Amino acid sequence: MKAAVLPAFDAPIETRDDVEIAPPGPGEVRIKVMASGVCHSDLSVQNGTIPLPTPIVLGHEGSGIVEEIGEGVTRLAVGDHVVLSFVPACGECYTCTHGQPYICEKSAAQAAGGLLDMTTRLTSGGAPLHQMACLGTYGQYAIVPEISAVKIDDDVPFEVAALIGCGVLTGVGAALNTAEIRPGDTVAVIGCGGVGLNVIQGAKIAGATKIIAVDMFESKLEMAREFGATDTVKADEGDPVSAVAALAGGRGADVTFEVIGLGPTIEQAINTTRPGGQVILVGVPRMDVMVNLNAAFTWLYLAKSIKGCWYGSSDVYRDVPKLLDLWKKGELNLEGLISKEITVDQVNEAFADMQAGTVARSVIRHQH
Ligand code: APR
Ligand code: ZN
Ligand code: ZN
């Protein structure tokens, strides 16, 4: 089969067509991958922000059709259309049974670049090929754990379903699950890429009446307005913290989301939040990013809460159908996130477009 492969840290993506795929093991399913979004976290594996073993098939935002099921699979059947979840959710471990399936204990295995038993089902040129997030949606096919796929209705277009898998669950989830947004709140969103735009539309659904979008690119601020931002701040013109504060009644936002993953913008997010407000950290930083905070002021005198947000604090079995319902009712704009449809050979260009700020999302349509 054909797959876009990251051969080594910092190397360009190569399209290989010699990839061999093993049959699904117990508790695994074979997916015909139909569509995959190109997310910043894929680029973050290439540049070492998210360290994973190479060579690896990237891609963690996908949808497809179940083609074969392994021994003991009960949740899924051949022919099911699915959204792939970049965090497996077993439903049985300590965190899953304590309302936090987005950090399912089984997902710790992902750091090894394989499936739940830490081995991969892919080889290329006779050597093992790793799979990002137990998935690898830049491949035409993938063997994934049964607990990494959520059945959806057959009438949902695959490119829409793919985006749910990361950007929409993460961004909308950050606003609806992680944060406590009250109707009438002022919200600031720092970073308006594929994920940040979803935070913006989630904040609107939650009832925020002022949504301040902050980004380096005018093109992204325009998209932000389409997704519900009421005000925009160009991050490289003056001090974004005072610009947000001025727009937020001089006191700062009730809730600020950081959706980039840089130390300086995390600090900005804390400083643009009003006393007593919430800071929600969504962007994935490099492993060595440290934040220096004044403990007395940040947490005590100013009583701010700083909350980490992994996968939008989602329960994929609850939230995938919920988000699709919102989309069917016209409350979530998913088509508008798709700036470009591409083939699997165009991932390098998609990474360049993402960095140039010209796309919300590029979506790979696999040819079979
Ligand atoms: N100030 C303001 N905006 C910035 C800055 C900055 N210093 N640096 C980057 N940005 C903006 C970019 O212009 C871009 O619009 O942040 C946005 C990031 O968007 P994408 O590259 O599309 O990334 P996305 O896929 O949305 O992911 C955002 O969430 O899931 C994580 O790993 C992912 O950390 C990443 C984050
Ligand atoms: Zn992602
Ligand atoms: Zn679990």
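**View 1. The second largest pocket of the predicted model, with a volume of about 620 Å³.** A pocket here is an open set of points on a 1 Å grid over the protein atoms alone, where a 1.4 Å probe fits, with protein on both sides within 12 Å along at least five of seven lines, and lining residues have an atom within 4 Å of a point. The volume is the space filled by probe spheres set on the points, which are joined across faces, edges and corners. Of the 25 residues that line this pocket, Ile50, Phe86, Val284, Met287 and Trp310 are the closest to its centre. This is a predicted model, in which local features need pLDDT of at least 70 and side-chain atom pairs count only at pLDDT 80 or more, whereas totals for chains, interfaces and linings use all residues. Residues are numbered from 1 along each chain as its sequence is written, and side-chain values use heavy atoms, with hydrogens and water left out.

**View 2. The largest pocket, holding about 1,000 Å³ of space.** Its lining comprises 45 residues, and His40, Gly191, Val259, Ile260 and Gly261 lie nearest the centre.

**View 3. The largest nonpolar core, with 102 residues.** Such a core is a set of buried (under 20% relative accessible area, 1.4 Å probe, protein chains only) Ala, Val, Leu, Ile, Met, Phe, Trp, Tyr and Cys residues joined through side-chain atoms within 4.5 Å. Ile181, Ile200 and Phe257 have the most contacts inside this core. Leaving aside neighbours within four places in sequence, Ile181 is in contact (heavy atoms within 4.5 Å) with residues including Ala175, Val187 and Phe257.

**View 4. A second, separate core of 13 residues.** Among them are Ile212, Val214, Ala253 and Ile270.

How values were computed: Chains lettered and ligands numbered in written order. Buried < 20%, exposed > 50% of the residue type's maximum accessible area, 1.4 Å probe, protein only.
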